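Hi,

Here is the model I promised to pass on.

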Amino acid sequence: MVLTEVTGRRMKSHARWWLVFLLPMLPLVWLVDRALALDLGADPAQAIVQFTGIWTLRLLWITLAITPLRRIFHWGWLQRYRRMMGLYALFYAIVHLLAFATFILGWRPDLLLRELSERPYIIVGTLALLLLIPLGVTSTRGMQRRLGPKWAKLHRLVYLIALLAMLHFIWQIRSSFQEQLIYGLILAWLLGYRLWKRHRAPVRKPSRMA
Amino acid sequence: KLREGDRNAALSTSEAPAPYISVTTHNNFYEFGLGKQDPSRKAQKFRTDPWSVEIAGEVNKPGTYALEDLLGPHALEERIYRLRCVEAWSMVIPWMGFPLGDLLKRFEPTSRAKYVAFTTLHDPEQMPGQRGFFSTLDWPYIEGLRMDEAMHPLTLLAVGLYGNALPPQNGAPFRLVVPWKYGFKSIKSIVRIELTEEMPDTTWNLAAPNEYGFYANVNPTVDHPRWSQATERRLPSSLFSPNIIDTQPFNGYAEQVAHLYNGMDLRKWF
């Protein structure tokens with residue numbers, strides 16, 4: 001009886017793993033489907049770049065939300081999906097940049113050079129992606145062990161990356177800032193929660209001693 | 001279907017027009033939403049009949065006119081124009097319309113008329129984009145031209161597209177088309193035309209004066225502060241041919257209009 005309970009639990013967690021693994025793939029599947037159906041309007045290039053960009057942001061925010069949600073709701077099981085979500089964010093960011101270079105710039109060297117040297121929001125976005133790559137590369141358990149305490153320090157870069165991604169997004173406001181405001185407020189909470197936790201921890205100790 | 005109008009070949013480009021579906025589903029008309037496909041989805045119930053237009057300011061015959069009376073006397077012609085958006089995409093569009101100058105003359109501008117100011121309908125009930133709290137644009141949308149620009153034969157009042165009446169997402173019942181300027185100058189769904197002595201305010205200039213000037217002439221050598229204007233993507237594009245072409249001074253109409261700006265520093269008066 002104990003055995004079947006363990007197997008049952010394992011199967012449930014297996015199913016959950018697959019579900020969480022497949023979910024972030026759906027937006028891309030939808031996008032490819034629409035692109036093949038020629039249903040992305042007169043400017044499919046722009047549509048693809050915008051879509052993959054916003055999903056990069058969403059997955060990055062989801063990655064950052066895992067730790068606070070786990071703590072607040074005591075969802076220990078969430079932790080194992082943090083790396084997966086982070087890697088998905090990296091994946092969508094790479095597709096985003098490749099789509100921009102391919103569909104918008106046609107890999108024309110002069111345009112690539114111009115965009116990467118003169119356009120602040122392109123520079124900031126590219127920088128965010130470049131910084132995300134080492135985090136992806138060192139996300140394995142082996143690397144985590146090998147880097148030891150340096151690993152946590154390195155992965156704090158994700159806060160800077162999120163801020164750069166947010167700036168990249170804000171810099172493209174034409175008239176309405178509604179979306180940017182929503183994403184900005186969520187990010188403020190995600191980062192603010194951490195600051196608050198860090199700030200609270202050292203204060204508690206002396207008060208206890210006193 | 002509109003009255004038949006002959007193509008004005010002399011003032012039309014020989015480039016191939018974008019398909020009707022592209023022209024009518026890829027629109028910047030923020031009154032109906034920010035997405036390019038929002039206007040085509042949200043403007044279909046837009047009421048353009050009845051429609052009246054106020055002619056005001058420095059004219060001898062000011063007044064409010066029914067659309068039919070306003071447009072009635074004018075023979076329509078087809079003009080195939082390039083349209084260059086400030087966002088660095090472009091399209092070729094076959095408009096039906098007549099020169100704005102012909103209309104203005106009927107109302108007898110006075111000698112004090114130096115500019116023409118235009119206003120789009122303000123109707124938040126019909127235009128969801130005018131209801132939002134988060135827009136940096138003030139409604140109604142306003143635009144303007146200098147008198148000589150307004151009287152230029154290229155400056156068109158369009159009432160149709162591909163031989164049919166303008167669909168709402170393209171600015172029904174009638175709109176301005178100024179082909180050598182960025183698309184945002186070509187104000188849609190006009191309800192008011194005022195001739196003024198002073199340079200009028202314009203919506204995008206009020207929202208971001210460092211990014212959008214009053215003149216807004218297409219100019220590959222003056223970049224938007226956030227992106228380049230040297231090239232444009234001609235739409236519709238397919239994914240593996242981005243259709244990138246060089247942007248031309250005055251959108252290719254330099255021969256006809258460059259003289260209007262003789263002696264002006266186009267970097268300063270962007």
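The side chain of B:T247 makes a polar contact with the side chain of B:E232 at 2.6 Å; by polar contact I mean a pair of N or O atoms within 3.5 Å, where within protein one must be able to donate a hydrogen and the other to accept it, and residues adjacent in sequence count only if both atoms are side-chain atoms. A polar atom of the B:T247 side chain also lies 3.5 Å from the backbone oxygen of B:T231.

Before I go on, the ground rules: this is a predicted model, where local features need pLDDT of at least 70 and side-chain atom pairs count only at pLDDT 80 or more, while totals for chains, interfaces and linings use all residues. Residues are numbered from 1 along each chain as its sequence is written, chains are lettered from A and ligands numbered from 1 in the order in which they are written, and side-chain values use heavy atoms, with hydrogens and water left out.

Back to B:T247: the residue sits in the loop between β12 (244–246) and α7 (254–257) of chain B (helices are DSSP runs of H or I with at least four residues, strands are runs of E with at least two, numbered from the N terminus). B:T247 counts as buried because its relative accessibility is 7% (buried is under 20% relative accessible area, exposed over 50%, partly exposed in between, with a 1.4 Å probe and protein chains only). Leaving aside residues up to four places away in sequence, B:T247 touches B:R84, B:V218, B:P220, B:Q229, B:A230, B:T231 and B:E232 (contact: heavy atoms within 4.5 Å).

Strand β4 (residues 89–99) of chain B runs parallel to β11(B), with two bridges, and B:W89 stands opposite B:R233.

Elsewhere in chain B, five strands form an open, mixed sheet in the order β2-β1-β10-β5-β6. β2 (63–66) and β6 (142–146) are at the edges with a single partner strand each, so one side of each has no neighbour in the sheet.

- The peptide bond from B:D49 to B:P50 is cis, omega near 5°, and B:P50 is in the loop between α2 (38–42) and β1 (52–57) of chain B.
- The bond from B:A172 to B:P173 is cis too, omega near 0°; B:P173 is in the loop between β8 (164–165) and β9 (175–177) of chain B.
- B:F250 is not a glycine but has a positive phi of about 50°; at 8% relative accessibility B:F250 counts as buried.
- A:L38, also not a glycine, has phi near 55°, and at 76% relative accessibility A:L38 counts as exposed.

Cheers

Methods: Pairing = 2+ DSSP bridges.
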